[in-house]
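This briefing goes through one protein chain, topic by topic. Please keep the sequence and the structure in view while reading.

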Amino acid sequence: MSTPPPHGPEITLRPLLPEHLPAVLELGSRVYDTDATPYTGWSLTAVATHLDASVPACRVALAGERLAGFVLGSMTFEQREDWGYLEWIAVDPEFQGRGVAGRLVEDCCAALTAAGASSVVTDVEVNNTASAALMRRHGFTEGVTVTLFVRPGTGAAPHRGGISLPHFARTGRPRPTHRDHR
């Protein structure tokens with residue numbers, strides 16, 4: 001009888017398939033701040049559109065039958081047709097520290113490059129130091145800094161959903177004001 005690896009079952013990477021959608025949605029909902037808008041748009045549509053992509057650059061990391069993580073990539077970066085886009089990546093906290101995220105990044109980038117991407121881009125929220133470090137370790141460099149300018153609407157209606165503007169102005173990061181149930 002073989003001995004399992006010290007941190008549990010071996011983790012294998014597989015292409016994203018329709019049967020992975022429930023677990024991918026659940027993990028994303030658990031690890032992403034789904035209330036922080038306007039930026040985060042985690043939804044069934046965000047995941048499902050990747051299943052129809054002509055370039056198979058989405059992977060799941062499985063520990064046996066259990067989802068350990070995923071990456072969603074595409075060739076649909078708005079600014080350049082020849083750039084790939086690593087859009088979403090998540091690793092279940094129970095599997096962090098085992099190299100899962102790095103394997104997902106490398107596999108996604110290899111698929112995008114094989115499909116003709118001259119570069120692969122991703123975006124990382126300014127305070128997400130763990131993701132920024134991951135991307136740097138895997139050859140990404142900071143290319144552009146974008147500042148989100150927000151102009152509140154006029155009228156007496158309170159700001160609904162999205163971000164708290166005073167908090168955003170103080171910290172540079174969104175804080176949810178209420179869940180918009182999208």
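**Aromatic pairs**

Five aromatic pairs turn up in a search of the whole structure. The model is a predicted one. A pair of aromatic rings is described by the distance of the centres and the angle of the planes.

- Trp 42 and Phe 70 form a stacked pair, with 5.6 Å from centre to centre and 20° between the planes.
- This pair links distant parts of the chain: Trp 42 is in the loop between helix H1 (21-31) and helix H2 (44-51), while Phe 70 is in strand S3 (residues 66-74), 28 residues apart from Trp 42.
- Trp 42 and Phe 70 are both buried.
- Trp 42 also pairs with Trp 88: the ring centres are 4.8 Å apart and the planes stand at 65°, so this pair is edge-to-face. The cut-off for that label is an angle over 60 degrees.
- Trp 88 belongs to strand S4 (residues 83-91) and Trp 42 to the loop between H1 and H2, so the pair ties together parts that are 46 residues apart in sequence.
- Buried means under 20% relative accessible area. Trp 42 has 10% relative accessibility and therefore counts as buried; Trp 88, at 15%, counts as buried too.
- Ring pairs join Tyr 32, Trp 42, Phe 70 and Trp 88 into a cluster.

**The chain as a whole**

- The protein chain contains five helices and five strands.
- Along the sequence, their pattern is β-α-α-β-β-β-α-β-α-α.
- The protein chain has 182 residues, of which 36% count as buried.
- Among contacts in the protein chain with a separation of 6 or more, 62% are between residues 24 or more positions apart.

- Strand S2 (residues 59-63) is mostly covered, with five of its five residues buried.
- Both faces of S2 are covered: Arg 59, Ala 61 and Ala 63 are buried on one side, and Val 60 and Leu 62 are buried on the other.
- Strand S1 (residues 11-15) pairs with S2 in the antiparallel sense over five bridges. Arg 14 has Val 60 in S2 as its bridge partner.
- S2 and S3 also run antiparallel and are joined by five bridges. Ala 61 has Gly 69 in S3 as its bridge partner.
- The hairpin of S2 and S3 has two residues between the strands. In this hairpin, Gly 64 takes a positive phi near 70°.

**Nonpolar cores**

In soluble globular proteins, nonpolar side chains tend to be buried together.

- The largest nonpolar core has 24 residues, and Leu 86, Ile 89, Leu 104 and Val 105 are those with the most contacts inside it.
- S1, S2, S3, S4, helix H3 (100-114) and helix H4 (129-137) each supply at least two residues of this core.
- H3 gives the most to this core, with seven residues.
- A second, separate core has 16 residues, including Val 24, Tyr 32, Val 60 and Leu 62.
- What does Ile 89 touch, not counting residues up to four places away in sequence? Ile 89 touches Tyr 32, Phe 70, Val 71, Ala 101, Leu 104, Val 105, Leu 134 and Met 135.

An α-helix has 3.6 residues a turn, so residues three or four places apart point the same way.

- In H2, the buried residues are Ala 46, Val 47 and His 50.
- These residues cover an arc of only 90° around the axis, which puts them on the same side of H2.
- The buried residues of H2 pack against H1, S3 and S4.
- In H3, the buried residues are Val 100, Gly 102, Leu 104, Val 105, Cys 108, Cys 109, Ala 111 and Leu 112.
- The cover over the buried residues of H3 includes S1, S2, S3, S4, strand S5 (119-121) and H4.
- H3 has 15 residues and, at 1.5 Å a residue, should span 21 Å; this agrees with its end C-alpha atoms, which are 21 Å apart.

Terms used. Residues are numbered from 1 along each chain as its sequence is written. This is a predicted model: local features need pLDDT of at least 70, side-chain atom pairs count only at pLDDT 80 or more; totals for chains, interfaces and linings use all residues. Side-chain values use heavy atoms; hydrogens and water are left out. Rings of Phe, Tyr and Trp (its six-membered ring) pair if their centres lie within 6.5 Å; planes under 30 degrees apart count as stacked, over 60 as edge-to-face and the rest as tilted. Helices (H or I, at least four residues) and strands (E, at least two) are DSSP runs, numbered from the N terminus. Buried means under 20% relative accessible area, exposed over 50%, partly exposed in between (1.4 Å probe, protein chains only). Two strands pair if DSSP finds at least two bridges between them. A nonpolar core is a set of buried Ala, Val, Leu, Ile, Met, Phe, Trp, Tyr and Cys residues joined through side-chain atoms within 4.5 Å. Contact means heavy atoms within 4.5 Å. The arc is that of the directions from the helix axis to the C-beta atoms. The expected span of a helix is 1.5 Å times one less than its number of residues.
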